[in-house]
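Hi everyone, thanks for making time. I'd like to take you through the side-chain packing in one model, and we'll begin with the aromatic rings.

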Amino acid sequence: MTRTASLCTASAAAIFALAVVGLVVGDFPVPAREAIATAIWDRGSEFDFVINSLRFPRVTVAVLAGICLAVSGALFQALIDNPLVSPDIIGIDTGAAAFAVAILAIGLDTQWLPYAAFAGAAGTAALIFVLSWRRGFSGGRLVLVGIGINALLTAVITYLLVRFPIERVSAAARWQAGTLSSSSWSDARTLAIGLVVLLPVAFLLIRRLRVMQLGDDMAIALGVGLEPSRLAVIAIGCGLAAIVVAMVGPLGFVALLVPHAARALAGTGTLSGGVLLLTALLGAVMLLSADLVAQRLFAPTVLPAGVVTAAMGGPYLLFVLRRFNRAT
C-alpha cells in the first residue's frame with residue numbers, strides 16, 4: 001500500500017509538472033508564474049487568450065482523456081485476465097471511427113462527429129458482446145470476436161475513404177489519427193461529466209472483478225452474479241473509451257500500455273483501488289507527455305497525439321510479448 005501511495009503521489013506531481021510545461025511552451029512562450037496565475041485566477045492578463053482558450057483546455061482534455069482510457073483498459077484486462085486486451089484492440093475505437101467517417105462521407109456536418117463516434121463505439125461494444133455470448137460469457141471468445149470485428153470495420157473505413165470525395169472525408173481522416181489540437185472547454189466538460197458518472201462505478205466494480213478472477217465457481221459461491229457483473233464492467237469500460245474517442249478521436253495504446261505498466265510498478269498482478277488510481281494517474285501522465293512531444297518534436301509542424309502514443313506503445317507491446325514468450 002505504501003508503495004502504491006508513493007507512486008500515486010509521484011504521478012500526481014508529474015501531472016502537475018507536465019501541465020505547467022504544457023501551459024508554458026509553444027510558439028508564444030509564457031513565463032511559468034504568469035502562466036499559472038492566468039490559468040487559475042488572473043483572467044484579465046495579456047496571456048489570457050493563449051492560456052485559457054488554447055493551452056489550458058488542451059492540457060485539461062489530455063488529463064481527463066488519459067484517465068478515461070487507462071481505467072477502461074484496466075477494467076477490460078482484469079475482466080478477461082489478459083494484459084494484451086484493450087478497447088482499441090477489440091474494435092471499440094474502430095467502431096467509433098467507422099461511424100464518424102460514414103456520417104462525413106454522406107455529407108453531414110462535422111458537428112455530428114462526436115455523436116456518431118459515441119454511437120459507433122457503443123454499438124460495436126454491444127455487437128461484440130452479443131456475438132461472443134454462447135451459453136455464457138467467455139473472455140477468449142470476446143477477444144477473438146473483437147479482433148474480427150476490428151478487421152471488418154477497418155475495411156469499411158478504407159472503403160469509405162476511397163469511395164467518397166476527399167473533401168468530404170478529409171476531416172474524418174485527420175480526426176482518426178487522434179488529436180488534441182482542437183480541444184475546447186466543451187470537450188473537457190463532457191469528459192469530466194463522463195468521469196464523474198463512470199469512474200465511481202469502476203471503483204465499485206473492483207471487488208467483484210477480484211472475486212471473479214478466482215474462478216466462476218468460487219465467484220458464484222461468494223454470491224457474485226457473473227453475467228450482470230461482466231456486463232457492467234464491459235458497459236463502464238466501453239463508456240469511458242467511447243467518450244474519449246467521441247471528443248478527440250482514437251488514441252491507440254494508452255488503454256493497452258498504461259494498466260500493464262501500473263501493475264508492474266505496483267508489483268502486483270491483481271487490480272485494487274490503489275492500483276486503479278495509479279493507472280488513472282499514469283494515463284494522464286502518458287497522454288500529457290505524448291501531446292507535448294507531438295507539439296514540439298517537429299515544431300512548427302504539430303503531430304497528432306495518436307501518432308506519438310502509437311510510437312510509444314508499439315515497442316512496449318513488443319517487449320511485453322517477448323516476456324510472455326519467455327514465460328511460456
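So, how many aromatic pairs does a search of the whole structure find? There are 3. Please keep in mind that this is a predicted model.

Let me take Phe28 and Phe47 to start. Their rings form a tilted pair, with 6.2 Å from centre to centre and 45 degrees between the planes. Tilted is the label here because planes under 30 degrees apart would count as stacked and planes over 60 as edge-to-face. Where do the two rings sit? Phe28 is in the loop between α1 (2-24) and α2 (32-40), while Phe47 is in the loop between α2 and α3, so the pair ties together parts 19 residues apart in sequence. Phe28 counts as partly exposed, at 43% relative accessibility, whereas Phe47 counts as buried, at 11%.

Next come Phe56 and Trp185. Their ring centres are 5.2 Å apart and the planes stand at 90 degrees, so this pair is edge-to-face. Phe56 belongs to helix α3 and Trp185 to helix α8 (residues 185-204), so this pair ties together parts that are 129 residues apart in sequence.

While we're on rings, have a look at Phe164: Arg163 lies over its face, 5.4 Å from the ring centre.

Now to the nonpolar interior. As a general point, nonpolar side chains in soluble globular proteins tend to be buried together. In this model the largest nonpolar core has 98 residues, and those with the most contacts inside it are Val71, Leu75, Leu191, Leu240, Val244 and Leu271. Which helix gives the most to this core? That's α3 (residues 48-80), with 17 residues. Apart from that core lies another one, of 9 residues, including Val20, Ala35, Val50 and Ile51.

Setting aside neighbours within four places in sequence, Leu75 is in contact with Ala202, Leu209, Val233, Ile236, Gly237 and Leu240.

A quick word on cysteines. The structure holds 0 disulfides. For Cys8, the nearest cysteine sulfur is that of Cys68, 17 Å away. Cys8 counts as buried, at 10% relative accessibility. Cys238 is buried, with a relative accessible area of 7%.

Let me finish with helix α7 (residues 166-176). Which of its residues are buried? They are Val169, Ala172 and Trp175. Those three cover an arc of only 105 degrees around the axis, which puts them on the same side of α7.

Key: Residues numbered from 1 in each chain as written. Predicted model: local features only at pLDDT ≥ 70, side-chain atom pairs only at ≥ 80, totals over all residues. Heavy atoms only, no water. Core = buried A, V, L, I, M, F, W, Y, C linked by side-chain atoms within 4.5 Å. Buried < 20%, exposed > 50% of the residue type's maximum accessible area, 1.4 Å probe, protein only. Helix = DSSP H or I, 4+ residues; strand = E, 2+ residues; numbered from the N terminus. Contact = heavy atoms within 4.5 Å. Phe/Tyr/Trp six-rings, centres within 6.5 Å; stacked < 30°, edge-to-face > 60°. Lys NZ or Arg CZ within 6 Å of the ring centre and 35° of its normal. Disulfide = S-S within 2.5 Å. Arc of directions from axis to C-beta.
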